[in-house]
Amino acid sequence: MRETSSSGHPPPGDPGLFGPSSVTWQMHGDPMMWVAGVRALYLQALHPRAVRGVMQNSDFHRDAWGRLMRTANFVGTITYGTTEAAEHAGARVRKIHTMLKATDPETGEKYRVDEPELLLWVHCAEIDSYLHVARRSGFRLTDELADHYVDEHRESARLVGLDPADVPGTTAELAAYFERVRPELAAGPEAREVDDFLQRPPIHPLLVPARALLWRRVANLAYASLPPYAHELYGRTAPPPATVTRRLVTTGTILRTVPARIRWQLPPKHILRAMARLGPGSRPAPYKLDSRAAILDGPGRAQRGNGGDGTRWRKPG
C-alpha cells in the first residue's frame, strides 16, 4: 500500500512505482528508447485483433503523432512520476479501454479492447522492444538485470488491468510467450497501414526532406531490429543481424554523446521533475547498475545478447 503522511498526501520525495534503484529508472532515460518505441509499434501491429482495436477506435492517420506522444508521456509518468501520478495514469487508461470495442470484419464479432490476451500482447511487445533495443545498442545489462527489468514491469502490466501473476517475469518466460502466440500473428491491412505511416508519416511539406533524412532512418532501424518472423510477416527483408547490431550500436553511441541534461529538456521533462523531487542522486545513469551486476551476474556476461524474444545476436567486433 502506498505510504501517506498524516495529511493524506504522499510523503516528500515519493520515488514512485519503480524508484532510482530499479533497472527501469536507469534504462528508460536512455535515448534509444525512442527507437525501441517505434519497434514496439511495428511488433504490436502484427496481432490482428490488437491493432484492429487501435485503428477502429482512434484517428490514427490524423493523430498518430499525438498517440505516440501520449504513449511516451504514459511511460514517462509511470517510470519517473509519483505513485499517485502513476496510479492516476493507469486508472485513466483502464477507464478508456472499458469504453472501447472492435469488430472483426470477417466474422462480425464484437470484442472489448481490454481483453487480457490483447493487453498482454501490447505489454509484452513493448517491454521486449525496450529491452532488446537497449541491450543490442550497447546499454550494458547482464542477463540477471534483464530478468529484473521484465519482472519490474509486472507492475506496469497491473496498471493497465492485467493480473501480474499472468505476465512474464523473466526473459525466458517472455521468449516462451512469443513462441506461444506466434501462430496468431499476421500482417493484415491494419498492420500495413501502420507500416505505411511509420515509413511516411504525414508532416508539413517543408519538413519532407528531414523525414527522408532522419525519421526514415529511425523507422528502418527499428524495423530491422524486429525478429526474423516479423520481417517474414511484413514481407520486407532486413539487413543481416550483424549489420543491424552495428547500426544500433553506432546510433546509440552517437545519441548518448548528447548531454543528458539537454536531452531531458524535451517535454514533458519527467526525469528533471523526478530529480527535483528526489535530489541529484536520483539522476538516471547506466553505471549505477554496475554494482548490481557485480552481485547478480558473473564477469563477462553483459555483452551476451538476448533481448527477450529469443532472438540471438552478437556484438560486432
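Colleague: Hi! Starting with arginine 200, how accessible is this residue?
Modeller: Arginine 200 counts as partly exposed, at 45% relative accessibility. Keep in mind that this is a predicted model.

Colleague: Which residue does arginine 200 form a salt bridge with?
Modeller: Arginine 200 pairs with aspartate 196, and their closest N and O atoms are 3.3 Å apart.

Colleague: And how accessible is aspartate 196?
Modeller: Aspartate 196 is partly exposed too, with a relative accessible area of 39%.

Colleague: How far apart are the closest N and O atoms of arginine 49 and glutamate 109?
Modeller: Those atoms sit 3.0 Å apart in the salt bridge between arginine 49 and glutamate 109. The two partners come from distant parts of the chain, 60 residues apart: arginine 49 is in helix α3, and glutamate 109 is in the loop between β1 and β2.

Colleague: Is arginine 49 buried or exposed?
Modeller: Buried, because its relative accessible area is 18%, under the 20% cut-off. Glutamate 109 counts as partly exposed, at 34%.

Colleague: What about aspartate 195, which partner does it have?
Modeller: Aspartate 195 forms a salt bridge with arginine 236, with 2.8 Å between the closest N and O atoms. Aspartate 195 lies in helix α10 and arginine 236 in the loop between α12 and α13, so the pair ties together parts 41 residues apart in sequence.

Colleague: How accessible are these two?
Modeller: Aspartate 195 is buried at 8%, while arginine 236 counts as partly exposed at 26%.

Colleague: Lastly, how many salt bridges does the count come to?
Modeller: The count comes to 15.

Notes. Residues are numbered from 1 along each chain as its sequence is written. This is a predicted model: local features need pLDDT of at least 70, side-chain atom pairs count only at pLDDT 80 or more; totals for chains, interfaces and linings use all residues. Side-chain values use heavy atoms; hydrogens and water are left out. A salt bridge is a side-chain nitrogen of Lys or Arg within 4 Å of a carboxyl oxygen of Asp or Glu. Helices (H or I, at least four residues) and strands (E, at least two) are DSSP runs, numbered from the N terminus. Buried means under 20% relative accessible area, exposed over 50%, partly exposed in between (1.4 Å probe, protein chains only).
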